Amino acid sequence: MTVSSEDELAALKGIGRIVADTLAAMGRAIEPGMTTLELDQFGRKLLESAGARPAPELAYDFPGATCISVNEEIAHGIPGVRQIKPGDLVNIDVSAEKGGYFADTGASFAVPPVARNVERLCRDGRRAMWAGLGQVGAGRPLAGIGQAVGSFARKHGYTLVRNLASHGVGRSLHEEPTEIATWPDPSERRIMADGMVFTVEPFLSLGAELAEDGEDPWTLYSQPRALTVQYEHTVVATRNGPLIVTMPGQQG
């Protein structure tokens with residue numbers, strides 16, 4: 001999607017605020033002993049009460065309103081009977097549609113007590129995402145995102161999962177531009193157009209370099225097994241830089 005009017009931008013900000021507020025509320029609601037299905041049902045109620053439809057279900061018939069991945073699971077985890085335990089690392093990915101517009105956001109939450117290396121990983125996961133977002137702007141190279149994230153990861157001793165990419169979003173959950181690397185990709189030659197809408201979502205890890213399939217059709221696991229975090233925003237490339245539409249409580 002390329003934003004071409006104030007009405008389109010307002011609609012995108014509207015669904016962006018809904019998914020951001022839902023993600024933040026789900027993060028606050030995490031408690032040891034609750035199942036990932038209970039957490040997902042909480043998120044579903046928030047989305048539906050705001051007039052939004054869960055995008056994974058809508059677009060791909062995913063068995064849940066949100067994706068919830070715990071510890072060794074790093075993406076597309078199916079909400080179910082798994083109980084959240086003290087010390088777990090829980091990733092929540094929230095995407096939804098309202099009025100024909102889609103937005104996508106995600107974050108990783110550490111359940112107390114939090115080990116120091118996990119606390120650092122979460123902090124640096126956010127910093128890696130912001131390093132990528134800082135490269136967003138009309139007329140700038142898409143490759144700059146992966147180069148900035150890669151430089152951050154290398155400097156601080158992390159690896160990046162290199163087969164889970166960022167993507168266009170807006171009129172559907174996944175659209176052009178596809179496969180935006182959040183790691184250095186010398187083959188990337190595309191330039192960001194003014195108004196282009198996409199996600200920035202690096203997967204920063206304590207050792208993993210790939211995501212691999214598990215026993216079910218959806219859940220992806222770190223390879224090699226290592227704790228991994230993902231933080232994600234939906235952003236619009238503008239002449240003034242990045243316009244993030246998935247901030248909680250955002251007005252507009």
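Student: Is G157 buried or exposed?
Tutor: G157 counts as exposed, because its relative accessibility is 65% and the cut-off for exposed is over 50%. Keep in mind that this is a predicted model.

Student: Where is G157 placed?
Tutor: G157 is in the loop between α5 (143–156) and β6 (159–160).

Student: What phi does G157 take?
Tutor: A positive one, about 80°, just after α5.

Student: How far apart are G157 and L47?
Tutor: In sequence, 110 residues. In space, 37 Å from C-alpha to C-alpha.

Student: Back to α5. How many residues has it, and what does it reach?
Tutor: α5 has 14 residues. From first C-alpha to last it reaches 20 Å, close to the 20 Å expected at 1.5 Å a residue.

Student: Which residues of α5 are buried?
Tutor: A143, G144, I145, G146, A148, V149, G150, F152 and A153.

Student: New topic: the open sheet. What is the strand order?
Tutor: β3-β12-β11, 3 strands with antiparallel pairing.

Student: Which strands stand at the edges?
Tutor: β3 (73–75) and β11 (210–213). Each has a single partner strand, so one side of each is left without a neighbour in the sheet.

Student: How are neighbouring strands turned?
Tutor: By 55° against each other on average, direction ignored.

Student: How many bridges link β3 and β12?
Tutor: β3 pairs with β12 (residues 220–223) over 2 bridges, in the antiparallel sense. A75 stands opposite L220 in β12.

Note on methods: Residues are numbered from 1 along each chain as its sequence is written. This is a predicted model: local features need pLDDT of at least 70, side-chain atom pairs count only at pLDDT 80 or more; totals for chains, interfaces and linings use all residues. Side-chain values use heavy atoms; hydrogens and water are left out. Helices (H or I, at least four residues) and strands (E, at least two) are DSSP runs, numbered from the N terminus. Buried means under 20% relative accessible area, exposed over 50%, partly exposed in between (1.4 Å probe, protein chains only). The expected span of a helix is 1.5 Å times one less than its number of residues. Two strands pair if DSSP finds at least two bridges between them. Axes are lines fitted to C-alpha atoms, for helices over the stretch in contact, and angles run from 0 to 180 degrees between N-to-C directions.
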